[in-house]
Amino acid sequence: MDELIQAVRGTVIRPGDAGYEGARRVYNADIDRRPAAIVACADAADVSRGVGYAHEHGLAVAIRGGGHSAAGFGTCDGGLVLDLSAMKGIRVDAKRRIARAEAGCTWGDFDRATQAQGLATPGGIISTTGLGGLTTGGGFGYLSRLHGLACDNVISADVVTAAGTLVAASATQNADLFWAIRGGGGNFGVVTAFEFRLHPVTQVYAGPILYAPEQAADAMRMYRDFMRSAPRNLSAFFAFLMVPPGPPFPEPLWLKTVPGIMCAYFGDAAAGEAAIAPLRAFGPPLAALTGPMPYTVLQSLFDGLLPPGLHHYWKSDFASDLNDEMIAVHAKFGPQIPTVNSAMHIYPLDGAIHDVPTGDTAFAYRDVRFVHIIAAVTPEAVRLAGYREWVRAYWSALHPYSAGGTYVNFLMEEGEQRVSESYRGNHARLAAIKAQYDPGNVFRVNQNILPAHHS
Ligand SMILES: Cc1cc2nc3c(=O)[nH]c(=O)nc-3n(C[C@H](O)[C@H](O)[C@H](O)COP(=O)(O)OP(=O)(O)OC[C@H]3O[C@@H](n4cnc5c(N)ncnc54)[C@H](O)[C@@H]3O)c2cc1C
């Protein structure tokens, strides 16, 4: 390893080094793994050196961007972690509406740079999530009904393959690799930089609306029907949540479990207020906390609820619709949310996401309306075991009505069959591309797609 230490510009952190205990950790505190070393990469050359070293020594590579993988794929036991978080260069070309961002950026870094020019691209709803994992898994957020998945907005990427070679991937260069990294996760190489298409985003009208617990089922039906005809510049997700104990929430609601809808309208406040009027009229709500806000505020609204260091357990599924049977399940289990950090969210996956044909990217579920996630999150490690049972029971009751697979970025370690279901018709092509770019499965710390000749 001395050779690797000499070869990289960044630092190599090994067991026993000061900083190892912190560096081996990821966002989900429930993950406790001990890599052979962590390479804090300074640039794409460091990534190449790291991959080359791992390849030569038969080590698994864990790629870490923002470290948010709940399954803990940003670290590993005995392998090499390539930590990209110091690689944060961003160049915004406002005229061409393109941003080139290194893969260590978080969405907060990216939004800050692009919003300075009044531009944005679809990203996640928490600003500390990494560009790398979210985009390679698909990636959706408030802008997705209007502009598609994060991966739909990638124009090109620089990728270090399992051979340690840096290649370009785009519609015209290594097109099969470009197809695979748009939904196929970290199976095919390490993206060192993305080039994203940007869109004007200047005015946002957004916020949560909370309803009475006894209206949960009716509120869900109203949400389902409302979203069917909602304009694309309006996004809204449904949630069961425990109301955070602090402003702007009214004190009588603090720590009460309620159903709610978080909405975000892209346009001016008057038009936004009109667009969400049916949501504000229903009930009436216990609280409607909507108003104009900067996009960067919207994108970090829930950061405080989900700091690093909490213990997470999630399960999720795609859903073609939100039928009455599912609503009955939600009405039973949703109110049992265990902590203020936990939640059940139903995100819309329609609009512009449906415009892209299913075969055009590795992301395979372009025909479903929703994805739901049930997430138990707690600062207390000992409590997670009990909360897992709530997640599993809730998920199991919903699963018969689901579309089959799920969003790979919401999947924890649920086995090969689940991964295959989550890529459905695209899985065979992904396995063939994996065999071409990573035949030895160096990149296996992920929702793993086995190279075709192994399966
Ligand atoms: C609080 C929270 C909120 C979230 N909200 C959303 C949301 O709104 N929308 C959404 O779509 N998802 C959301 N997610 C899920 C998120 O997309 C995944 O957790 C994703 O893996 C995070 O990316 P990361 O870079 O932070 O993860 P990391 O843990 O750093 O990486 C996870 C895996 O992604 C792959 N990967 C990461 N970087 C690269 C790279 N540069 N090249 C190749 N592969 C790479 C690797 O396989 C890696 O092991 C959320 C997650 C959390 C914890």
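Ala216 counts as buried, with a relative accessibility of 4%. The cut-off for this class is under 20% relative accessible area. The model in which this residue sits is predicted. Ala216 belongs to helix 8, which spans residues 216–229. Leaving aside residues up to four places away in sequence, Ala216 touches Phe238, Phe240 and Pro259. A further pairing spans a longer stretch of chain. Ala216 and Ala328 are separated by 112 residues in sequence. In space, their C-alpha atoms are 9.6 Å apart.

The overall fold was examined next. The protein has 15 helices and 19 strands. Its radius of gyration is 21 Å, close to the 23 Å that the globule rule gives for 455 residues, so the protein is as compact as a globular protein of that length. Along the principal axes, the C-alpha atoms fill a box of roughly 65 × 50 × 40 Å. Of the 455 residues, 60% are buried. Contacts were also sorted by sequence separation. Among those between residues at least 6 apart in sequence, 72% join residues at least 24 apart.

Strand 17 covers residues 311–319. Nine of its nine residues are buried, so strand 17 is largely enclosed by the rest of the structure. In a regular strand, side chains alternate between the two faces of the sheet. Both faces of strand 17 are covered. On one side, His311, Tyr313, Lys315, Asp317 and Ala319 are all buried. Strand 17 pairs with strand 19, residues 370–378, in the antiparallel sense. Nine bridges join these two strands. Within this pairing, Ala319 has Phe370 of strand 19 as its bridge partner.

Strand 6 takes part in two antiparallel pairings, one with strand 5 and one with strand 10. Strand 5 comprises residues 90–93, and strand 6 comprises residues 98–102. Four bridges connect them. Val92 stands opposite Ala99 of strand 6. The two strands form a hairpin with four residues between them. In this hairpin, Arg97 takes a positive phi near 55°. The pairing of strand 6 with strand 10, residues 190–197, rests on five bridges. Here Glu102 stands opposite Ala193 of strand 10.

The largest cavity holds about 60 Å³ of space. By class, the lining residues divide into eight nonpolar, four polar and no charged.

The second largest pocket has a volume of about 200 Å³. Its lining is made up of 15 residues. Those nearest the centre of this pocket are Phe73, Glu413, Arg444, Asn446 and Asn448. The lining of the second largest pocket divides into five nonpolar, five polar and five charged residues.

Terms used
Residues are numbered from 1 along each chain as its sequence is written. This is a predicted model: local features need pLDDT of at least 70, side-chain atom pairs count only at pLDDT 80 or more; totals for chains, interfaces and linings use all residues. Side-chain values use heavy atoms; hydrogens and water are left out. On a 1 Å grid over the protein atoms alone, a cavity is a set of points where a 1.4 Å probe fits but cannot get out, and a pocket is an open set with protein on both sides within 12 Å along at least five of seven lines; lining residues have an atom within 4 Å of a point. Grid points are joined across faces, edges and corners, and a volume is the space filled by probe spheres set on the points. Ala, Val, Leu, Ile, Met, Phe, Trp, Tyr, Cys and Pro count as nonpolar, Asp, Glu, Lys and Arg as charged, and the others, Gly among them, as polar. Buried means under 20% relative accessible area, exposed over 50%, partly exposed in between (1.4 Å probe, protein chains only). Two strands pair if DSSP finds at least two bridges between them. The radius of gyration is taken over C-alpha atoms; the globule rule is 2.2 Å times the number of residues to the power 0.38. Contact means heavy atoms within 4.5 Å.
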